[in-house]
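Dear colleague,

My notes on what was found in it follow directly after.

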Amino acid sequence: NRSSSSQLVYKSNGEINEIKGSTIDGTDLLSGVSYYITSRFSGKSLDLAGGDTSDGTNIQQWTLTGGKHQEWRVTDLGNGYVKIASMADEGSAITLNGDNIEVAAYTGADNQQFRLIQKRGSYGIVSKSSADATGLDVFGWSEENGGNIAGYEYWGGDCQLWNLTPVYPVVNDGDYTLKNLNTG
């Protein structure tokens with residue numbers, strides 16, 4: 001039972017990372033948690049091509065395999081936008097580059113900040129750099145592994161809606177720390 005004074009702590013790769021325990025503005029998603037992000041249309045997940053985290057690596061869709069190259073930590077930036085970092089390298093984040101979606105080293109630039117727009121139980125993901133006019137889009141309504149994720153004018157169709165599923169939806173075995181926000 002999570003109350004407003006509870007602190008969620010998340011365990012990944014043997015390390016314990018504190019998470020604010022707050023929800024992302026306008027959603028019921030927790031900030032700082034890693035999610036699989038899957039297309040409402042194709043059912044395929046956002047995926048780093050070849051698992052590569054270097055600047056400019058394309059983001060594509062692929063059948064969910066559960067690797068770090070398909071895990072994304074979504075963190076509320078406190079300004080109505082989120083950072084979406086790759087769990088394969090948390091220094092890399094989803095970036096709108098022209099009309100393509102790729103990863104690049106996180107700098108906090110507007111093209112690396114995204115708003116989540118709740119629609120029909122899923123989310124549109126739109127870029128701050130476009131004044132929320134450009135969203136992540138399954139290019140050409142592809143249903144294939146390797147289909148490109150592009151930045152396209154956001155209109156809220158199924159090819160632009162995403163389901164965010166926690167990577168760790170229940171507490172796993174291991175040691176965890178719970179911290180009260182009021183008392184520390």
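The model is predicted, so local features require pLDDT of at least 70 and side-chain atom pairs count only at pLDDT 80 or more, while totals for chains, interfaces and linings use all residues. Residues are numbered from 1 along each chain as its sequence is written, and side-chain values rest on heavy atoms, with hydrogens and water left out.

Aromatic rings

A pair of aromatic rings is described by the distance of the centres and the angle of the planes. Rings of Phe, Tyr and Trp (its six-membered ring) pair if their centres lie within 6.5 Å; planes under 30 degrees apart count as stacked, over 60 as edge-to-face and the rest as tilted. The structure holds two such pairs. In one, the ring centres of Phe-41 and Trp-141 are 4.9 Å apart with the planes at 90°, so the pair is edge-to-face. Phe-41 belongs to the loop between strand E4 (33–39) and strand E5 (45–48), and Trp-141 to the loop between strand E13 (134–138) and E14, so the pair ties together parts 100 residues apart in sequence. Strands (E, at least two residues) are DSSP runs, numbered from the N terminus.

Trp-141 also forms a tilted pair with Trp-155, at 6.2 Å centre to centre and 45° between the planes. This pair joins the loop between E13 and E14 to the loop between E14 and E15, its residues being 14 apart.

Relative accessible area is 27% for Phe-41, 41% for Trp-141 and 47% for Trp-155. Each value falls in the partly exposed class, which lies between buried (under 20%) and exposed (over 50%), using a 1.4 Å probe and protein chains only.

Charges over rings

A charge sits over a ring if NZ of Lys or CZ of Arg is within 6 Å of the ring centre and within 35 degrees of the ring normal. Lys-83 lies over the face of Tyr-106, 4.4 Å from the ring centre. The charged end of Arg-115 is placed over the ring of Tyr-81, at 4.2 Å from its centre.

A buried strand residue

Ser-122 lies in strand E12 (residues 122–127) and counts as buried because its relative accessibility is 1%. Leaving aside residues up to four places away in sequence, Ser-122 touches Arg-40, Ile-117, Leu-161, Trp-162 and Asn-163, where contact means heavy atoms within 4.5 Å.

Yours sincerely

Definitions and conventions:
Helix = DSSP H or I, 4+ residues; strand = E, 2+ residues; numbered from the N terminus.
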